[in-house]
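Please read them with the structure open.

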Amino acid sequence: MAGSRPGTAAATADALRFSFCGLKFASPIVLLSGCVDFGEEYTRVEGFSNRDAGAIVLKGTTGKPRLGNAPHRICETPAGMLNAIGLQNPGVEHVVTTVLPQLDFGETRFIANVCGSTLEEYVEVTRRFDQSAIDAMEINISCPNVREGGVAFGNYPEMSAQVVAACRRVTQKPLITKLSPNQTDIRENARRCIEAGTDALAVINTVMGMAIDVATRRPVIGNLQGGLSGPAIKPIALLKVHQVYEVARAHQVPIIGQGGIVTAGDAIEFLIAGASAVGVGTALFYDPLVCRSINDGIAAYLSAQGLKNVTQLVGTLRTGRDIEDCAVSG
Ligand SMILES: Cc1cc2nc3c(=O)[nH]c(=O)nc-3n(C[C@H](O)[C@H](O)[C@H](O)COP(=O)(O)O)c2cc1C
């Protein structure tokens, strides 16, 4: 970190690299699950490079292959999109034996997104990834688009903790737990997941929503409801990240903040709120090369603020009080 001349490419690289759960990240950007398939989605886009991301989270993976939900599965909404893919994936065995060998682990870190309908399925998928080259695992207890599992676990702190504890028993690899915004008390859920042994938290998954076709009076999304992502959810995500940070900082559990990040300014807000890394998902659909400008913008901000490394920015929100003490007013 020390020694590079300010303004040089080496100084930018030094400013952005840091350690996340013991893994070397070249950038605080994490490409989010479901938005880059299994890591190969954007390789055909000229100028796209895995090296622009500290890590890439693969599509949610279950024990057996899943076909996902009936169409329509996505629709555009003001400043965002709804999706109800329903965890379409080829199953963990295929991912481990066929997909992972094709990924270039020299370019970035790869994180699996572990899903299940039962506690046993979460354990089965975690155990299989534990025997693979994957760098870390993200436990998805917050998917709003499947009838069983997912958010059914993530909305109840006791059940969330049970899933984390069960997965913890079968792997030593870093475990990240992805929390749902669709619950009463995200702080309590974060606290229970930390006690159960998660190494990090991902905050937030999508917010439940729906859209109606007025001509037919039918729901646009085949699943009726879907998960809202993109800039529309950014203020919600930012608040949840800060709330979780107030719980997680005492345990030094890092957060991957996410929800609507499009610009360097968005990413910087999440870092200040308490995120150690920042996820980019929906923005990739309309600008696959967005990571480079976010990286450059973060590095320029750090330099202007006289900060040598991105870790110095994390949780630096200037406020005299805890968020719990602030009344909500209309
Ligand atoms: C089409 C689509 C598919 C997604 N699939 C998954 C998934 O399989 N597992 C998961 O944990 N999150 C999934 N997500 C949620 C994203 O990883 C991310 O948490 C969310 O979209 C918020 O970030 P964003 O606003 O930058 O997109 C999906 C999101 C989208 C838009």
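**Notes on the predicted model**

1. Helix H1 (residues 9-16) has Ala 11, Asp 14, Ala 15 and Leu 16 buried, where buried means under 20% relative accessible area with a 1.4 Å probe, protein chains only. Helices (H or I, at least four residues) and strands (E, at least two) are DSSP runs, numbered from the N terminus. The buried residues of H1 pack against strand E1 (18-20), strand E2 (23-25) and helix H10 (290-304); contact here means heavy atoms within 4.5 Å.

2. On the basis of these notes: this is a predicted model, in which local features need pLDDT of at least 70 and side-chain atom pairs count only at pLDDT 80 or more, while totals for chains, interfaces and linings use all residues. Residues are numbered from 1 along each chain as its sequence is written, and side-chain values use heavy atoms, with hydrogens and water left out.

3. Eight strands form a closed barrel with parallel pairing, in the order E3-E4-E7-E8-E9-E10-E15-E16. Two strands pair if DSSP finds at least two bridges between them. Neighbouring strands of this sheet are turned by 30° against each other on average, direction ignored; axes are lines fitted to C-alpha atoms, for helices over the stretch in contact, and angles run from 0 to 180 degrees between N-to-C directions.

4. Gly 60 has Asn 113 of E7 as its bridge partner.

5. Helix H6 (residues 186-195) lies across strands E9 (175-179) and E10 (200-203), and runs at about 160° to E9.

6. Which strand holds Lys 178? Lys 178 is found in E9. Lys 178 is buried yet has no salt bridge, and the nearest side chain of opposite charge, Glu 138, is 4.0 Å away. A salt bridge is a side-chain nitrogen of Lys or Arg within 4 Å of a carboxyl oxygen of Asp or Glu. The side chain of Lys 178 does make a polar contact with that of Gln 258 (3.4 Å); such a contact is a pair of N or O atoms within 3.5 Å, and within protein one must be able to donate a hydrogen and the other to accept it, while residues adjacent in sequence count only if both atoms are side-chain atoms.

7. A second sheet is open, with four strands in the order E5-E6-E14-E11 and antiparallel pairing. Strands E5 (74-77) and E11 (207-209) stand at the edges with a single partner strand each, so one side of each is left without a neighbour in the sheet. The twist averages 35° from one strand to the next. Four bridges join E5 to strand E6 (residues 80-83), and Thr 77 stands opposite Gly 80 in E6.

Terms used. Buried means under 20% relative accessible area, exposed over 50%, partly exposed in between (1.4 Å probe, protein chains only). Lys and Arg count as positive and Asp and Glu as negative; His and the chain ends are not counted.
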